[in-house]
Amino acid sequence: MVSVAFAQDKTITGKVTSASDGLPLPGVSVTVKGNTKIGTQTDVNGNFKLSVPSIARTLNFRYIGFKDLEAAVNTVVNVGLEENKKQLSEVVVVGYGTQIKQDLTGSVTQVNAKDLENVPVTSFESALQGKATGVFVESQNGKVGQGIKVRVRGSASVSAGNEPLYVVDGIVIATSNLSSTSASTNPLADINTNDIESIEVLKDASAAAIYGARASNGVVLITTKKGKAGQSKISFSAFGGVSSPTGHREFLNSEDYVKIERRAGDGAAMQDFLSGFYNTLTDAKADYSSFVESRLTRYSAGNTDYQTYKVNTDWESLAFQKSPVIQQYDLNLSGGNDKTTFFISGQYLDQDGIIVANGYKRYSGRINLTHKATDFIDIGLNLNVSNSVNNRVSNDNAFSTPFQIVALSPITPVIDPRSGLLSGSLPGAATNFPVYYNPLLSVDNAFYKTKVYRNIGKIFANVKLSKDLKFTTDFSVDNINQNEENYYGTLTFRNTGVRNGSGYNAGDFLVNLNTNNFLSYAKTIGSKNTIDAVLGTSYQKQTLQSNSTTGEEFPSDSYKKVASAASITAGNSSETSFSFLSYFFRANYKYNNKYLVSFSARYDGSSRFGSGNRYGFFPAGSVGWIMSQEDFLKNNTTLSFLKVRASYGLTGNSEIGNFPSRGLYSGNGSYAGSAGQIPLQIRNPDLRWEETAQLDVGLDFGFIKDRINGTLDYYNKKTTGLLLNVPVPETTGFATYTKNVGKLTNKGFEVAVNSENFVGKFKWSTGLSFANNENKITDLGGQQLGTNDINYGKEGQPIGVFYLPEYAGVDPANGDAIWYKNTKKTDGTLDRTTTNDVNQADRIIAGNPNPKYIFGLNNNFSYNGIDLTVFFQGVSGNKIFNAGGQYMSASASNGFDNQTKDQMAYWDKPGDITNVPEPRLFYANGVGNSTRYLSNGSYVRLKTVTLGYTFPTSVTNKLKLNRLRIYATGQNLATFTKYKGWDPEVNSDYQSTNINQGVDFYSAPQARVISFGLNIGL
């Protein structure tokens, strides 16, 4: 007799929830270990039912955003999955909502609080540098409180704004530059970086189109910290440090200065003789020698000490403050219960600039409150208040700015021995000693302060209309009250031209009102379909009132207010405003945790545009496919996540003046005491938005349980309808007319990779960001744009391209500076012969001020409470033009400015081979704008090194603390570059525009900061 036993299946039921909050998890993959063909997914309530062979011993649970779990087979298996904190599962803030990162079909870069906290900078944009892929951040110079350039995937406009839209906790904040000079200040410096929970940069059309007409330059969403229910927490952090310049230039000492100036006199004498101004070379040299010696005597404070080089002043060192200090203190309280949560913070920041008389101080406070008023209504308040004082210095091109001091002669003493006062103080010598105005006179005899009081506040309510439907309403006010005041005393006469002091006072009052009202819908249908949508409306109105007064001739330097001026020489008052009315929609659909579809649109109306084009429609769509959820990849042990996505859509740029479409008149047309008005601008009722169409194709990936993860993106942005001033017949009474005529493109790729190299007791993680952008203007209506004779807007070229004569060096026979002609010959080839007349040399496309590549590399190490962060950042493929070279690197051919040390390699006699022309006093030998002063601007910077130690609980418990950490940070520790200037991160503040980029004109370098700090948690 034979008996046969048959194995029987058994049925297992269970529920899968989140271990953190107990909520059910739908769509969790449940499979038998070793046999993935036997499996199922949890339903909308997290329940599952699975029939398994009797020999099955273990079940695998897998869900994106949570850690994998194994559980023993039993009749009932209930498990709680722990959240996976890795990047792929992060909640990402998007316009009017949030999404899990793995569900995103747009391109969004996220930077978290950990990457921003306790960095010794005055504004959060500096902390973003090199950390947000595809985002280029550049400071104009090393002055604290100055403007910072931010570009998301390149410059999208020639004449309109190129800065991204900034949204703080859902509030579109004001970012208007209210500086009364051409050097911008930074309105974003009013935000405390340590209050920020996360920053999301919306880069492609799919992510940004919900902000419509203001999204072509990208959108930066800033989310501030909030309280959480539970035990209240108190944290205190502080750091202090000292700063120094990242770079120096080497200038001539007294001996070399006297030598090159005398040689310049000889060179000029030879030119005068050859030109027939003198009968003999001896007579010419004698006259020039006498003139040069008289000037050297003057600049030596009226004595002959220069002949023995007794005085050797290092003026550059005097432009820097001695041991400038930075200090910052933060105190935060957070907590709450099931009804109310709160976050309260306060900060004091005081930073001395590295250059004399420059500093920035800020006091700020924040309250974020949320209260559950009923079971279905949440109400809340976000309020930020700040007060800042910016001790500013003059623009880079002013003789009074500290860095212009390098032009002074090394033979000039700091203290004039004739008076015992600072050189340049003597009234009788005020017009001719030293060589130029001494900027040190402004340190104690002038001031320039910008004071800002700012409140950013929002009240909001969330009303739960049903299980799946929520209504949100909010109202916000962003109020800026700014006062600018300066006074230049009697000793600054040589700079101002006013003998008894001049003063200026200006006030700006900006009110930015916003309200948003929208419905949010989210529903899971069955176990495979998920839908969420947003539908709403938004309204914004911003009003700016400004006034200013200038006065001269004060009773004494004790009176510094304009009211004391004997003469009011100028006054101005104005008011301007704009408004937006918008309707927006977004819908996301996910099927089976694999297939993603998204559509968004915004209908924007703006007062800025013509009556015929006041409204614009900006749609975008995207799709995504999570391939790692497919059966052919689901159980791949190497590839843990793979998603492909693509998007296309339209966005707009409305960052123009408030009235470019209107015919404007001015009321200052008075004549003979009678009031009058004059026309200013031709009306264009058809003026419309600049519009950008963008394609993005991306790949998100994770390997080895996401220990290696990242994103790849390719994008192509095409902007049309550029707003340009085009010529019109002057018989109209006008020279130009604002019209939509231009086009440009930006295209490139981005790579972001994060890895956890070691995950044991010793941890090491790496983050890499790399981006390429190629910008090209394709249509300017046949125009060529440019204002500084260096940068241009040209069709077929990047914005701001350097368009210059090509320097060929020095003629060995006579010491002339020479340039390549580059004129086109009859056969179509270029004439590469040289000329000593720069006006006979055609200009060439000489370089691009915009980096081709930007990158950042971050490494984090930790072991037994010790942590180390090493962060490198850099750019490549750009050029820098040293506009100050025509004075400081001119082989003494342009006056008595001190020269950079490399000018001592000048041509001296026939046969000399060099790139430095013969010194010829006032003959400007080779000093015109050309590629002579163009350099490689690429650099790699050791941006941040932080070494910290977190004390163990055995210590903190005794101190009754939750956390105690001490650390040391070095900022801008080393810069590797071929650029010979002070710093390769530069664009002189006085001339910076969309086109004028990459220009260095006596611009202060960035600060190197060494700081020490501590974090305490209670």
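Strand β18 is the top contributor to the nonpolar patch, giving three residues. Keep in mind that this is a predicted model. The patch covers about 790 Å² of surface, and among its members are Ile234, Phe236, Tyr329, Leu331, Leu333 and Leu1018.

Let's pick out one member, Leu369. Leucine 369 sits in strand β20. Is leucine 369 buried, exposed or partly exposed? Its relative accessibility is 33%, so leucine 369 counts as partly exposed.

Now over to helix α4, which runs through residues 281-299 and has 19 residues. From its first C-alpha to its last, α4 reaches 27 Å, close to the 27 Å expected at 1.5 Å a residue.

Which residues of α4 are buried? They are Ala284, Tyr288, Val292, Glu293, Arg295, Leu296 and Tyr299. Look down the axis of α4 and these buried residues fall within an arc of 160°, so they line one face of the helix. Here's a handy rule: an α-helix has 3.6 residues a turn, so residues three or four places apart point the same way. As for what covers the buried residues of α4, the list includes α3 (254-274).

## Just past the helix

Have a look at what comes just after α4: alanine 301 takes a positive phi there, of about 65°.

Methods:
Residues numbered from 1 in each chain as written. Predicted model: local features only at pLDDT ≥ 70, side-chain atom pairs only at ≥ 80, totals over all residues. Heavy atoms only, no water. Helix = DSSP H or I, 4+ residues; strand = E, 2+ residues; numbered from the N terminus. Expected span 1.5 Å × (residues − 1). Buried < 20%, exposed > 50% of the residue type's maximum accessible area, 1.4 Å probe, protein only. Arc of directions from axis to C-beta. Contact = heavy atoms within 4.5 Å. Patch = residues over 30% accessible without salt bridge, like charges linked within 9 Å, V, L, I, M, F, W, Y side chains within 5 Å. Areas by Shrake-Rupley, 256 points an atom, 1.4 Å probe, with all protein chains shown as cover. Salt bridge = Lys/Arg side-chain N within 4 Å of Asp/Glu carboxyl O.
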